[in-house]
Amino acid sequence: MIEWGVDGETLRVRDADNTTVSVHGADPVVETSATELPRPVEETLLVTTDELEFPHAITYAFSLESSERHELEPSESSLALSAGEYIVDIDTEIKIYLQFSGAATIERTEDLQSISVSFPKRTTVTIGFRSHHELPTGTITVPDSPDAVATALTHLAASHKTDSPDRTYPTLRGHPPLLERGDSLDIPDHLQTTRSDSGIEVVVPPTYDALFVVAPLAYYLQATIRTCCPARCERDHPRLRLPDLGIETSLSPMPDLERDVERLLRKTFFLDCLVRNAGPYGTNLAEQRVLETLELDAATLYAASPQQRLATYLEVPYEAIEHRLPEWHLSMYVAPEYDTVEQLPFLLDRLSLLYMPRTSTLEGKELIERSLADFYRGGGSPDSGRHDRASARNVASVDIVKPDLRTGRVHGWLADGVPIDVFKTTPEAYRNRLDYLERSSESTSICVVLNDSGMAGEHDDVADIYRQRADELAIDVTVAESLTTAELARVFEHGYEFVHYIGHCESGGLRCPDGSLSTASLDRCNAQTFFLNACGSYYEGMQLIEKGSVAGAVTFTKVLNDHAVKVGSTFAKHLVNGFSIERALGLARSRIMMGKDYAVVGDGTHSLIQSDHRLPITITVDELEDERDRYLVTLDCYSTRVTGSYYFPHTEANEFAYLCGTESSFTLEQSSVVSLLRETDASVIYDGDLYWSETLAQQFAK
């Protein structure tokens, strides 16, 4: 669902996932349109103007009169289109298509923050919008039977829009159908007819652990999952079959099946990302030379059948490309039970690897040592936050365990136990996310609650951060102080997209002037996301997820007040600039020594607001020894929501795009560092602390 409105010379477009894109026009006239575009869109408008300005994005122009395709290359500042019929593809957080007749110039603005499309005279342009997020297109009912679950998982790939390597683009992988527990298997007719059968088969024992582990690989390959009879399973290993080619590859039994699936999926996905550049949406990838080293022809593989292409990939030794693989974005640890089957479509939508949950006991000072290992060790002294935020008498204790973590940048836990270094999610978090996608609102509403006057520092900081962002996006900020239990309950029931609570938490709940509010007492929580920046707020946060929230940040134990202020303000800055809940908290807690005291509950991949540049970026700046005013600059861009995307570093002389998950590094003069920081809204790690790029650019420019 797309909503839009015009404010002066700005057209604001918003989708069901709270994603907002602003389009600026020169004296624009905007009206609805019934015109059909040769691209899938949800809303179409007619805009009359001589110039349109969009957030910076990858931009293509296609001629409607020939097969010509044009791209605004990273090394070019402008692209001139001669008179003709065109459709322009602008890949912002909401997909935008322009269709027009005539000549046009597409160029980057001087600050590289925007893309401008200008015309010689006022022109009527048809603009189509499509949300990148899609709701599930159906529901499969599945009984408590591994054979039935295998069939249901096979049909989740019906959401794919292609079986070519272009399926690595997140826009060509729709949300899988939902799974619902029931007495018998029921697959809607439209899912059976729309599923593209690649002919590839994955054969595993009829056990939930094996089925869960192979689900991401089968989903991506659009493969059929088959279970072998128990007698044969005792003799044969799991296997990958390409029947048309007579190829059968043996896979390891559990638990080593996890490793085999991980390697197969990562290798196949990576090579597909390179081969897709032979198609209509290719770009100049830095990793592309890997195909030359392997002597693989992209054009031949792009045109091959899914089985032929996979057969070629199987011949590539994993060790030959292991060092070039982008870091995988997400791994989930899931209890292999019938009760968790309903959550699998949400995890496959994120293209997460699935592992079995295994834990061990934290030994001695291991928690402290892990916290110090992640600490940036920056400016402040180690004990700068001497005062407990608690003044709390009875803080709820949490028994934390150590998870056995596998490959992945981000880790989520959908099983028993409370591990460190993961976000702890529940089935309710995913159901709640669907509920919020189906709601509509004109702006993102944020409520900051201060329930202890001694913590006004954090309150003032975060309120300013949210208000500053409100000047750029449709955000409504409400500030409340000293709320009673009834008033605080109404805040959680009101329907804010985000509640930032600053105060105390005890075993009885969140402290208020008239007592404590136990979030378990709420009939329903309508706050989409939250941050309970108070001591020992884990259980209160988990209750908010069970009552209706999607995700939030909490603490395991007592926290120091100065540390809480630092985490709170840093978290706020990243959250409203498009970072996911998990990534925002991960960066924030790295600024303090005991960062492991903070954690995320619910779906940590969830974002409150989308980034201006679609994919949030972190930059690390290191001064080179013995080289005055020269720096090693490393860009890190990844997303747990849209894996398969790529990014362009805006540095001098760079001609390449990089796959998300692959870091890019450059040696720059100080003046070039300043330019990069001014042109890129990003989180920056420098000299042992965390900054926002615009702030650090001013410091470097002095």
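Predicted model: local features only at pLDDT ≥ 70, side-chain atom pairs only at ≥ 80, totals over all residues.

- Three strands make up an open sheet, in the order β26-β27-β28, with antiparallel pairing.
- β26 (505-506) and β28 (515-517) are the edge strands; each has a single partner strand, so one side of each has no neighbour in the sheet.
- Helix α14 (residues 485-494) packs on this sheet and touches β27 and β28. The direction of α14 makes about 15° with that of β28.

**How the strands are joined**

- β26 pairs with strand β27 (residues 509-512) in the antiparallel sense, over two bridges.
- You can find both partners on screen: C505 stands opposite L510 in β27, and E506 has G509 of β27 as its bridge partner.
- A hairpin through two residues leads from β26 to β27.

**Two helices side by side**

- Two packed helices are described by the angle between their axes and the distance between the axes.
- The axes of helix α13 (residues 456-470) and helix α16 (residues 561-575) come within 9 Å and cross at roughly 5°.
- Angles under 35 degrees count as roughly parallel, and α13 and α16 are therefore roughly parallel to each other.
- On the α13 side, the contact is made by E458, D461, V462, I465, Y466 and Q468. On the α16 side, the residues are A564, V565, G568, S569, A572 and K573.
- What kinds of residues make up the contact of α13 with α16? They divide into six nonpolar, three polar and three charged.

**The cysteines**

- A disulfide is a covalent bond between the sulfur atoms of two cysteines.
- How many disulfides does the count come to? The count is zero, with the rule asking for sulfur atoms within 2.5 Å.
- C535 is in no disulfide, and the nearest cysteine sulfur, that of C505, is 8.4 Å away. C535 is buried, with a relative accessible area of 0%.
- C660 is in no disulfide either; the nearest cysteine sulfur belongs to C637 and is 4.0 Å away. C660 is buried, with a relative accessible area of 11%.

Technical notes
Residues numbered from 1 in each chain as written. Heavy atoms only, no water. Axes fitted to C-alpha atoms, helices over the stretch in contact; angles between N-to-C directions. Helix = DSSP H or I, 4+ residues; strand = E, 2+ residues; numbered from the N terminus. Parallel < 35°, antiparallel > 145°, perpendicular 65-115°, else oblique. Contact = heavy atoms within 4.5 Å. Nonpolar A, V, L, I, M, F, W, Y, C, P; charged D, E, K, R; others polar. Buried < 20%, exposed > 50% of the residue type's maximum accessible area, 1.4 Å probe, protein only. Pairing = 2+ DSSP bridges.
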